Amino acid sequence: MTKQIHLAAHFPGVNNTTVWSDPQAGSHIEFESFVHLAQTAERAKFDFFFLAEGLRLREQGGEIYDLDVVGRPDTFTVLAALAAVTERLGLAGTINSTFNEPYEVARQFASLDHLSDGRAAWNVVTSWDAFTGENFRRGGFLAQEDRYTRAESFLRTAWKLFDTGVGRFEHTDEHFDISGTFGVPRSPQGRPVILQAGDSEEGREFAAATADAIFSRHGTLEAGQKFYSDVKGRLAKYGRTHDQLVVLPAATFILGDTDADAQEKAAVVRRQQVSGATAIRFLEQVWNRDLSRYDPDGPLPDVEPLTGENTIAKGRASVRMFKDPAATVQEWRDKAAAKNLSIRDLVIDVSARQTFIGSADSVATQINDLVQQDAADGFILVPHVTPGGLDEFADTVVPLLQERGVFRTDYTGPTLRDHLGIR
């Protein structure tokens with residue numbers, strides 16, 4: 001049976017995907033930028049618009065990390081405003097379960113679901129570092145396993161509130177002891193769609209138990225199939241079937257008139273994404289030391305990485321990816337020596353961000369092949385230019401997917417649950 005593809009649009013931020021130097025690059029805080037991307041996604045009949053959130057400005061070497069998005073408006077404010085300028089597009093917001101309270105979050109999402117006529121989604125995340133926690137009363141006191149225990153308790157408490165509607169509620173466990181009356185009537189979807197993005201063992205189990213969709217970083221065939229099989233294989237123990245969890249890897253793309261043209265564009269974009277300054281900053285996150293004296297067009301640093309609890313890059317999730325800095329540094333040195341790579345060339349090589357590169361026909365084929373081979377159920381697309389970076393995809397790739405009968409030509413229902421095909 002041919003699977004239908006799910007597509008969503010991610011508003012870029014809290015990363016280095018965006019090419020800030022592109023003449024078409026716009027603001028990441030002006031409302032018109034959010035409107036443009038959301039309305040393009042809706043015009044292309046995407047499932048939803050996805051908004052990430054950072055709870056503290058990242059730092060490096062004791063200063064604000066100036067190669068990143070330095071803050072953005074409140075998630076609920078942006079999504080509520082977008083509900084007024086869209087009609088069918090789902091609206092997904094990232095809200096933290098470590099530093100919020102179930103009543104407040106449930107009230108906000110129930111309100112958003114009403115305002116949007118059933119299009120709200122909640123990406124449930126747990127904060128991982130004490131640095132971010134310093135902005136909050138509970139600053140960083142929860143270990144990873146405890147964060148997910150709280151997250152599941154938080155979510156189930158919120159579900160109880162959603163299901164209560166305007167009525168009495170009571171919930172007591174190790175994390176929460178609350179009772180009262182919920183103030184928002186049951187919303188069009190009943191509960192917002194639940195997204196989850198954790199990739200750890202705890203994160204995968206949390207997703208299998210509670211999520212409607214999972215935001216994955218495994219976008220290639222082999223890695224995608226392995227992840228897809230793993231998380232779908234966990235569903236049965238919770239009385240769930242494969243179609244009750246939608247797997248959506250993040251994906252970037254570069255389009256060209258031909259595949260060769262797209263490859264040339266991709267090479268240019270990669271060098272725009274990784275400037276000399278960016279390359280040095282990236283290496284500092286692994287070496288955990290100041291490398292500003294090194295030439296980005298020269299060889300890799302000859303000093304060894306510093307290990308320990310203190311990190312030069314505060315609040316950067318990338319720091320967690322390199323659990324053995326010494327091994328990573330040796331691997332990179334071997335690669336640089338074998339390929340004669342400078343620091344900047346090496347960073348471009350190890351941090352490649354383009355998932356799909358080619359003509360519109362080629363990219364449509366790549367996406368469909370991965371979905372039909374169970375490496376994903378669809379993709380959350382992250383354009384490298386904000387806010388117009390999705391326009392070309394919407395105008396060229398989407399019509400080809402529609403012609404092949406693997407993507408909707410119109411919405412079949414009013415709610416996000418309708419778009420995703422989940423109860």
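**Entry 1: Gln244**

I began with Gln244, which is buried at a relative accessible area of 17%. I use buried for under 20% relative accessible area, exposed for over 50% and partly exposed for what lies in between, with a 1.4 Å probe and protein chains only. I placed Gln244 in the loop between H7 and strand E11 (246-251). Helices (H or I, at least four residues) and strands (E, at least two) are DSSP runs numbered from the N terminus. Leaving aside residues up to four places away in sequence, I found Gln244 touching Ala211, Asp212, Gly239, Ile422 and Arg423. Contact here means heavy atoms within 4.5 Å.

I note that this is a predicted model, in which local features need pLDDT of at least 70 and side-chain atom pairs count only at pLDDT 80 or more, while totals for chains, interfaces and linings use all residues. Residues are numbered from 1 along each chain as its sequence is written, and side-chain values use heavy atoms, with hydrogens and water left out.

**Entry 2: The barrel**

I next looked up the strands. Eight of them form a closed barrel in the order E1-E2-E5-E6-E9-E10-E11-E15, with parallel pairing. From one strand to the next, the twist averages 30°. Two strands pair if DSSP finds at least two bridges between them. Strand E5 (residues 90-96) and strand E6 (residues 120-125) run parallel and are joined by six bridges. Thr94 has Asn123 in E6 as its bridge partner.

I then turned to helix H1 (residues 31-43), which packs on the sheet and touches strand E1 (6-11) and strand E2 (48-51). The direction of H1 makes about 175° with that of E1. For such angles, axes are lines fitted to C-alpha atoms, for helices over the stretch in contact, and the values run from 0 to 180 degrees between N-to-C directions.

**Entry 3: Salt bridges**

I counted a salt bridge wherever a side-chain nitrogen of Lys or Arg lies within 4 Å of a carboxyl oxygen of Asp or Glu. The count comes to 24 salt bridges.

Which parts does the pair of Arg191 and Asp163 tie together? Arg191 lies in the loop between strand E8 (177-181) and strand E9 (193-196) and Asp163 in helix H5 (residues 144-164), so the pair ties together parts that are 28 residues apart in sequence. The closest N and O atoms of Arg191 and Asp163 are 2.6 Å apart. Arg191 is partly exposed at 27%, and Asp163 is partly exposed at 36%.

I also looked up Asp199 and Arg217, whose salt bridge has its closest N and O atoms 3.1 Å apart. This pair links distant parts of the chain, 18 residues apart: Asp199 is in the loop between E9 and helix H6 (201-210), and Arg217 is in the loop between strand E10 (213-216) and helix H7 (221-233). Asp199 is partly exposed at 24% relative accessibility, whereas Arg217 is exposed at 63%.

A further salt bridge joins Arg234 and Asp230 at 3.0 Å, N to O. Arg234 is buried at 9% relative accessibility, while Asp230 is partly exposed at 25%. Through shared partners, salt bridges join Asp199, Glu201, Arg204, Glu205, Arg217, Asp230, Arg234 and Lys237 into one network.

**Entry 4: Helix H13**

Helix H13 (residues 360-372) has 13 residues and reaches 18 Å from its first C-alpha to its last, close to the expected 18 Å. The expected span is 1.5 Å times one less than the number of residues. I listed the buried residues of H13 as Ala360, Ser362, Val363, Ala364, Ile367, Asn368, Leu370 and Val371. Their cover includes H7, strand E12 (253-255), helix H8 (259-273), strand E14 (356-358), strand E15 (378-381) and helix H14 (391-403). Just after H13, Asp374 takes a positive phi of about 55°.

**Entry 5: Backbone exceptions**

Most residues other than glycine have a negative phi, and most peptide bonds are trans. I noted the following departures.

Asp117, not a glycine, has a positive phi of about 60°. Asp117 lies in the loop between helix H3 (102-115) and E6 and is exposed at 54% relative accessibility.

Is Asn288 buried or exposed? Asn288 counts as buried, at 14% relative accessibility. Its phi is positive, near 60°, and its place is in the loop between helix H9 (276-287) and strand E13 (313-314).

Finally, I found a cis peptide bond between Thr386 and Pro387, with omega about 5°. Pro387 lies in the loop between E15 and H14.
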